[in-house]
Amino acid sequence: MTSRSAPLPPPAHLPPVDLTARLAGRARRMTASAIREILKITQQPDVISFAGGLPAPELFPLEDVRRAADAVLTRYGPAALQYSTTEGHLPLREWIAARDGIRPANVQIVTGSQQGLDLLGKILIDEGDVVLVEAPTYLGALQSFQPYGPRYVELPTDEHGIDTDALEEVLRATPAKLLYAIPNFQNPTGRTLSLERRRRLLELTAQYGVLVIEDDPYGQLRFTGEELPSLYQLGLELAGGPEQSHVIYSSSFSKTLVPGLRDAWVQAAQPIIEKLIQAKQGADLHTPTLNQMIITELVGDVLPRQIETVKKAYGERAQDMVARLREHFPAGVSFTTPEGGMFLWVTVPESIDTVPLLAQAVARKVAFVPGSPFYALGGGHNTMRLSYSSATPEQIDTGIRALGETIRGALG
Ligand code: PMP
């Protein structure tokens, strides 16, 4: 008889597995959004916050959305709740394509333009690829691209957006893959790229074989000044059609209709769209069917009306904030005067660091976002972003006055 050893007794408890050591290199490159952390401290109920940058909720077309949901459920029945194609709801893609005279095959619906940025990062950025970004730029784009391991090179900007002479110098010195830009009412600065520079940027990037991602969630929210063609539209003219264009355009219904339905789109040449479809299949199969149908129901009548309502409100709020800044801020502070969108950008004297200034401002019951997180490579210690989109005249007056006092206090 052979003796068999008795099975090991089960351990009293499972040995711990080091979860952090098991993370992918990609996950290690991800960082918590500095802004989300900052927003937590500004979300006390009695603090006037110019930090958040949310679209104004009192302007949401609640009843229209209710009616549209009812209409599409009646019209489409179970199909409104079924899986649908990755490319997106065809009538919506047709409506988007018609705006620029392109074909639905050039349009991909995405679950918020934030998803579009992530998927574009996934299909375009290899580790070490040079990605050119504005200094400062949209923090959410940096967060989307970061896991794919880009090497950021910053482009200096002034009141007319990206300095295209500096861009030329960078392109001469550095082989870049991609340029990411927000030409209209930029987040965070509120600045707009001039027409002349749009043309130059297109020429230079085409000449050096650099793809352009044009992120344009605010373009339709111009409340003053002259409408400018998008880089994408200029690119169509100059390149001769959507298949020749090196511009990838991204926009969204978040700022014009509602952000919570998460409906946005990317338009580009077909080789890019085909890869986006494959990437999106792996991410979420498709953007929610019902949401796309509701948006499609609204684009005809409600969207144009809504755009007018939002532009009027934001235009008044921006004008009001600029007037109060002139009144209450000390000499030596400068700020942008946006022609659309939701943000303006303040530069205080070099001696002030806006990160500790925020704590002093919160003590005076007002909050902003310090500018430094918006710089891919650091810097901007004496800058801040202010959002006027969801502030009342009283909040603007009281808040800007308190912020002016805070800055005076820091200047000593
Ligand atoms: N790009 C920019 C420049 C933004 O400001 C935002 C929203 N803050 C987004 C993209 C993401 O928008 P959404 O995902 O809601 O379409």
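1. In this note, Ala, Val, Leu, Ile, Met, Phe, Trp, Tyr, Cys and Pro count as nonpolar, Asp, Glu, Lys and Arg as charged, and the others, Gly among them, as polar. By these classes, the shell around the ligand has 5 nonpolar, 7 polar and 1 charged residues. Of the 13 residues around the ligand, those that come nearest are Gly-112, Ser-113, Gln-114, Ser-252 and Ser-254; a residue is near a molecule if its C-beta atom, placed from the backbone, lies within 6 Å of it.

2. The model is predicted: local features need pLDDT of at least 70, side-chain atom pairs count only at pLDDT 80 or more, and totals for chains, interfaces and linings use all residues. Residues are numbered from 1 along each chain as its sequence is written.

3. The protein is divided into domain 1 (30–59 + 304–411) and domain 2 (62–300), with bounds from an automatic or database domain assignment. Their C-alpha centres lie 26 Å apart. Domain 1 gives 28 residues to the contact and domain 2 gives 32 residues, where two residues are in contact if their C-beta atoms, placed from the backbone, lie within 7 Å.

4. On the side of domain 1 that touches domain 2, the elements giving two or more residues are α12 (302–328) and β11 (343–347). Helices (H or I, at least four residues) and strands (E, at least two) are DSSP runs, numbered from the N terminus. The largest share of this side, 7 residues, comes from α12. Its residues divide into 17 nonpolar, 8 polar and 3 charged.

5. Helix α3 (residues 62–76) has 15 residues and spans 21 Å from its first C-alpha to its last, close to the 21 Å expected, which is 1.5 Å times one less than its number of residues. Gly-77, with a positive phi near 60°, follows α3.
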